[in-house]
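Please keep the sequence and the structure at hand while reading.

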Amino acid sequence: MTAPILTEAAEGEGAAEQTAAPASPWALAFHRLRRQKAAVTGLAIIVFFVLVAVLAPVLTAISGTGPADIDKKAVNPYLGGLPRGSFGGMSPQHWLGVEPLLGRDIFARLVYGAQISLLVAFSAALLITLIGVSLGIAAGYFGGRVDAVISRLMDVMMSFPSLIFMIALLSVARDVNRVLLLIGVMSFFGWPYIARVIRGQTLSLKHREYVEAARACGTRSSRILLAEILPNLTGTVIVYVTLAIPGLIGAEAALTYLGVGIRPPTPSWGQMIADSVLYYKVDPMFFVLPSACLFLVVLAFTLLGDALRDALDPKGSRT
């Protein structure tokens with residue numbers, strides 16, 4: 001009687017595992033993603049910084065100091081304007097210290113800098129995705145002259161030394177909204193890369209049986225693109241955007257560091273890093289804090305993007 005009981009128990013466990021198994025590809029991907037500690041850590045860091053950016057007015061109201069407030073009493077004029085106290089002037093009034101010379105609160109500028117960095121990166125990623133996916137899917141599906149024109153346009157755009165042209169464009173434009181200008185310039189030079197990926201995916205999808213069947217039934221091309229092809233590109237788009245955002249955050253910080261991005265008095269991590277270069281020996285916290293924030297956000301998106309790529313690609317996943 002022991003063997004049948006064990007067999008029934010094993011069958012029961014197998015049935016329970018089958019019942020608990022995810023029922024859809026997205027549920028399976030989420031199941032894989034949840035088991036990766038790096039992905040969970042990256043997502044937690046991203047959520048933390050997003051909340052900090054959204055709640056920046058509340059946080060600065062609690063601390064009692066805004067990003068543009070100047071506190072001359074927090075710096076020592078006899079020591080070249082260095083912060084009073086240890087660790088860059090950390091105190092109950094200034095939780096993370098103050099900037100040299102002006103005495104602006106570093107905590108307030110960090111949380112508002114998170115707003116700028118994430119706003120620019122997310123907005124540019126959204127525009128890049130809309131333009132790149134639209135042109136890439138059109139080139140891959142329609143082919144012929146449409147594909148030739150869009151592909152040549154992608155080749156021309158990708159042949160530009162984008163960083164040099166971004167610096168030139170941002171330097172020429174002066175009396176404009178710097179945030180909108182940064183978003184526009186980075187989107188203008190960034191869309192061809194996702195467009196090329198989407199074009200290649202569309203070329204392979206448009207010959208699938210379900211697409212041929214929809215075409216044979218007289219379904220309009222617009223409906224085939226939106227209902228049959230685009231849903232199958234969702235995973236690729238999500239992974240690409242997640243991996244592109246850290247590059248956009250780094251690009252915004254680099255352009256601001258070079259003096260052509262966000263300009264004072266608007267706070268930015270790249271601007272803070274540029275200002276802190278002169279003080280990294282005598283006031284290292286001024287340099288470490290914005291650098292650490294930039295590093296953590298870029299690392300978090302990179303970890304999450306790699307994990308998403310593995311979770312959405314069963315053949316390449318090792319989990």
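## Terms and basis

Helices (H or I, at least four residues) and strands (E, at least two) are DSSP runs, numbered from the N terminus. The model is predicted, so local features need pLDDT of at least 70 and side-chain atom pairs count only at pLDDT 80 or more, while totals for chains, interfaces and linings use all residues. Residues are numbered from 1 along each chain as its sequence is written, and side-chain values use heavy atoms, with hydrogens and water left out.

## The second largest pocket

A pocket is an open set of points on a 1 Å grid over the protein atoms alone, where a 1.4 Å probe fits, with protein on both sides within 12 Å along at least five of seven lines, and its lining residues have an atom within 4 Å of a point. Helices α7 (162-172), α8 (178-205) and α11 (234-257) each supply at least two residues of the lining of the second largest pocket, and the largest share, 5 residues, comes from α11. Among the lining residues are Ile128, Ser162, Phe189 and Tyr240.

## Aromatic pairs

Rings of Phe, Tyr and Trp (its six-membered ring) pair if their centres lie within 6.5 Å, and planes under 30 degrees apart count as stacked, over 60 as edge-to-face and the rest as tilted. The structure holds 10 aromatic pairs. One of them is the edge-to-face pair of Phe49 and Trp269, with 5.9 Å centre to centre and 75 degrees between the planes. Because Phe49 lies in helix α3 (residues 37-54) and Trp269 in helix α12 (residues 269-276), this pair ties together parts that are 220 residues apart in sequence.

Ring pairs also link Phe160, Phe165, Phe188 and Phe189 into a cluster.
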